[in-house]
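Look at the structure below.

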Amino acid sequence: MICWRICTLSKTAKRILPATLKDNAIRKFLEEENLKRPILLSMVASAAVVLLLAGCHHAPKSKPLSQLTPTEMQGHAIFQSDCAVCHHPNSEQKLVGPGLLGLFQKPYLPSGAPATDARVRSTILHGKNVMPPFGNVLNDQQLNDLLAYLHTI
Ligand code: HEC
């Protein structure tokens, strides 16, 4: 008799319990969702702002070869013969050295040094680690032409 009582009691308990548990879980879920919503909204909003800002940062764009001045064209020829074995002029991908696309359109060189004429000129003249020096290879005129070309990539 007692056994039967316990049995039916636990049966009703089992029937009621999951229902209340479910209710609680739903309420908790809804409460959490309500709390989450403003956080989610602000996350979406900031993601939108980041995307907008990213849109302002244009990918580097080279001047088309057909539009190069004679000086820049001279520089292009020097680049092809002396630099292109190790550097892509139209990509940021590494070859032997870093890709040089947008070299002077960015504030910093691949090494982190400021992207100035003086810095690049000195790298070309004296070399850098694996990069050989070109001080004895290029005269002033050729160096100027090369720099003019580097400003177009
Ligand atoms: C034998 C391969 C090689 C050749 C040829 C070469 N470079 Fe490099 N260059 C490199 C490597 C490697 C680096 C990275 C050096 C480092 O930071 O350790 C580099 C770095 C550079 C940098 C970035 C410097 C910095 O501070 O981030 C510039 C600009 C550059 N080279 C321009 C040129 C130009 C212009 C020529 C042609 C006159 C040239 N390189 C020829 C291998 C080369």
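A residue is near a molecule or strand if its C-beta atom, placed from the backbone, lies within 6 Å of it. Of the 24 residues around the ligand, the nearest are Cys83, Cys86, Gly97, Ser111 and Met131. This is a predicted model: local features need pLDDT of at least 70, side-chain atom pairs count only at pLDDT 80 or more, and totals for chains, interfaces and linings use all residues. Residues are numbered from 1 along each chain as its sequence is written.

The shell around the ligand has 17 nonpolar, five polar and two charged residues. Here Ala, Val, Leu, Ile, Met, Phe, Trp, Tyr, Cys and Pro count as nonpolar, Asp, Glu, Lys and Arg as charged, and the others, Gly among them, as polar. Helix 3 gives the most to this shell, with three residues. Helices are DSSP runs (H or I, at least four residues), numbered from the N terminus.

Now the packing. Axes are lines fitted to C-alpha atoms, for helices over the stretch in contact, and angles run from 0 to 180 degrees between N-to-C directions.

| Helix pair | Axis distance | Angle |
|---|---|---|
| Helix 3 (residues 117-126) and helix 4 (residues 140-150) | 11 Å apart | about 125° |
| Helix 2 (residues 70-82) and helix 4 | within 7 Å | roughly 95° |

The angle of about 125° makes helix 3 oblique to helix 4. Helix 2, crossing at roughly 95°, is roughly perpendicular to helix 4. Angles under 35 degrees count as roughly parallel, over 145 as roughly antiparallel, 65 to 115 as roughly perpendicular and the rest as oblique.

The contact of helix 2 with helix 4 has seven nonpolar, five polar and two charged residues.

Technical notes:
Helix = DSSP H or I, 4+ residues; strand = E, 2+ residues; numbered from the N terminus.
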